[in-house]
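Subject: Structure handover

Hello,

Please load it before reading on. My notes follow below.

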Protein chains: 2
Amino acid sequence: MRGFSQSLPMALLRAREAVMRQFRPNLRKHDLTEQQWRILRALAAVEAIDVTELARVAFLLGPSLSRILRDLDARGLIERQTDTNDLRRGLLSISPKGLKLIAQVAPTSEAIYAAIAARYGVRRLDELQKMLVDLEASLAGDLLVAERE
Amino acid sequence: MRGFSQSLPMALLRAREAVMRQFRPNLRKHDLTEQQWRILRALAAVEAIDVTELARVAFLLGPSLSRILRDLDARGLIERQTDTNDLRRGLLSISPKGLKLIAQVAPTSEAIYAAIAARYGVRRLDELQKMLVDLEASLAGDLLVAERE
DNA sequence: CGCCGAAACTTAACATGTTAATCATTTGTG
DNA sequence: CACAAATGATTAACATGTTAAGTTTCGGCG
C-alpha cells in the first residue's frame with residue numbers, strides 16, 4: 001500500500017498548514033479566523049453578493065457560512081439585507097468597520113505573502129499555483145467512470 | 001490587495017478538496033473519516049507507537065487524536081496499552097479487526113489514486129509532490145525574522 | 001387560483017481543528 | 001529525598017467541516 005506521508009492529500013495538507021501557520025498569528029491579533037478573513041476579503045471585492053455566491057467564491061459550505069455570517073454581523077463587520085425580488089435570498093456587503101479592519105490586517109498579510117514568495121521563489125510559486133489549479137480542473141468530472149458524450 | 005482566488009492557501013485548499021472528494025465516498029462506505037483512515041494506515045505500518053509519535057506521522061493535533069482514538073478503541077479497531085517504562089505514555093497498535101477493515105478499503109483507495117495519477121500525469125504528479133514538500137521545508141523557520149547564527 | 005417540487009438558507013448533529021487548561025508522571029536539581 | 005519544571009496525554013471550550021433535515025419563498029402547472 002502507498003506510503004503514508006507520500007500520499008497526495010497529506011502533502012497538500014502539510015503544505016497548506018505550513019503556509020497558514022505564517023498567517024494565523026496576524027489574523028489572531030485581530031480576532032479573525034482564516035474563514036472570517038476569506039469572507040471579509042470576498043465582500044470587499046464586490047458591491048453586494050448573495051449567500052450562495054459567497055459560499056462559492058469563499059469556498060465554504062452553507063452551514064459554516066451561515067454561522068460565520070451571524071458572528072460577523074453581530075460584530076458589525078458586515079451588513080445584511082434581503083433581496084427585494086426574492087425574499088429567500090440574503091444580500092451581503094461589507095460595513096465601514098469591516099473595511100477598516102481589512103485595512104489594518106492587509107499590510108502585514110501582504111508582507112508575509114511576499115516573504116513566502118521570496119523564500120520559495122516567485123517563479124516557482126507561480127508554477128506551483130498553476131499546477132494546483134490544473135489538478136483541481138483535472139478532477140472535475142467523475143474519476144472511475146468514463147465520461148461519454 | 002492580492003486577488004482572492006489566486007491566493008496560495010486557497011489554491012492548496014481547493015486542490016486538496018478536489019482530491020479528497022474522490023476518496024471520501026469509499027471511506028464513508030466503511031464509516032471512516034479521513035482522519036480515522038490516516039490513523040489506521042499509520043498504525044498498520046508499525047508494531048506499536050505512542051500517541052505523540054502517531055500525532056506527528058498522522059499530522060493530527062493531540063486533542064483531535066485523543067478523541068479519535070477513543071472512538072477507534074470503542075469500535076475495536078485498535079488496541080491500547082500503557083508503556084511499562086513510562087506510565088504517561090500510551091502505546092497503540094492496530095487490531096486484527098482493524099487490519100481486516102484496511103484490507104477492505106485499500107484496494108478501491110489505490111484504484112482511485114491510480115486514476116488521479118493517470119489523469120493528471122504520473123510524472124507531473126510526482127513533480128507536484130516534490131514542490132509541495134519543498135514549500136513546506138522552505139517555511140520551516142521564522143519568516144520575517146532573519147535567522148542569524 | 002392552488003398545489004407541488006425546487007431553490008435558498010438555516011438549523012441540527014456529530015466530527016475535527018485549534019488553543020488553553022488540567023492531570024498524572026517523570027526528570028533534573030538542590 | 002523533596003520539589004519544581006518538564007513531558008505525555010486528556011479534557012474543555014469554541015470555531016469550522018460535513019451531511020441531513022427543516023423552513024420559507026419561488027415557479028411552474030393543472
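Which residue in β3(B) is the bridge partner of B:Asp50? B:Leu91 is. Keep in mind that this is a predicted model.

The sheet first. β1(B) and strand β3 of chain B, residues 90-94, are joined by two bridges and run antiparallel. The open sheet in chain B has three strands, ordered β1-β3-β2, with antiparallel pairing. β1 (49-50) and β2 (78-82) of chain B are the edge strands; each has a single partner, so one side of each has no neighbour in the sheet. α2(B) packs on this sheet and touches β1, β2 and β3 of chain B. The direction of α2(B) makes about 90° with that of β3(B).

Now the DNA. There are 25 residues around DNA strand C; the nearest are A:Thr52, A:Gly90, B:Pro63, B:Ser64 and B:Arg67.

Chain A brings α1 (8-29), α3 (51-58) and α4 (62-74), and chain B brings α2 (34-44) and α4 (62-74), each with at least two residues. α4(B) gives the most, with four residues.

- A:Thr52: side-chain N or O atom to a phosphate oxygen of DNA strand C, 2.8 Å.
- B:Ser64: polar side-chain atom to a phosphate oxygen of DNA strand C, 2.8 Å.
- A:Arg88: polar side-chain atom to a base nitrogen of DNA strand C, 3.1 Å.

Best regards

Terms used
Residues numbered from 1 in each chain as written. Chains lettered and ligands numbered in written order. Predicted model: local features only at pLDDT ≥ 70, side-chain atom pairs only at ≥ 80, totals over all residues. Heavy atoms only, no water. Near = heavy atom within 4 Å. Polar contact = N/O pair within 3.5 Å; in protein donor to acceptor, adjacent residues only side chain to side chain. Pairing = 2+ DSSP bridges. Contact = heavy atoms within 4.5 Å. Axes fitted to C-alpha atoms, helices over the stretch in contact; angles between N-to-C directions.
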